[in-house]
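I opened the model today to look up a couple of residues and the packing around them. Here are my notes, in the order I made them.

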Amino acid sequence: MSLVNIDDYNKNHLTYEIDFHDYKKFYILDTQNHQISEKTKYDNEESAVVTTASYTEDMNTAIDFTFDFGEGGNYLMHS
């Protein structure tokens, strides 16, 4: 996992990238508005799936958030 501070984009955003065998996940955190977006990009597709949620706590300790899906499912995350 790599952490990149996006100073040119906005000093309030951080991004994490995870490379898997046939897809990539990007997590974009807006530290000012306490929003997190997850972008999943599959190698064989042009489009990507983006999910957004609010998070609680602070980046110096840990954050909690829940991504919801259109079918009524969700998953809780703690990082």
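For my own reference, helices (H or I, at least four residues) and strands (E, at least two) are DSSP runs, numbered from the N terminus.

Before going further, I noted that this is a predicted model, where local features need pLDDT of at least 70, side-chain atom pairs count only at pLDDT 80 or more, and totals for chains, interfaces and linings use all residues. Residues are numbered from 1 along each chain as its sequence is written, and side-chain values use heavy atoms, with hydrogens and water left out.

His34 lies in the loop between strand 3 (23-30) and strand 4 (35-42). His34 is partly exposed too, at 30% relative accessible area.

Leaving out residues up to four places away in sequence, I see His34 touching Ala53, Ser54, Tyr55 and Glu57 (contact means heavy atoms within 4.5 Å).

Last, I looked up the largest nonpolar core, which has 8 residues, including Ala53 and Tyr55. Such a core is a set of buried Ala, Val, Leu, Ile, Met, Phe, Trp, Tyr and Cys residues joined through side-chain atoms within 4.5 Å. Strand 6 gives the most to this core, with 3 residues.

Technical notes: Buried < 20%, exposed > 50% of the residue type's maximum accessible area, 1.4 Å probe, protein only.
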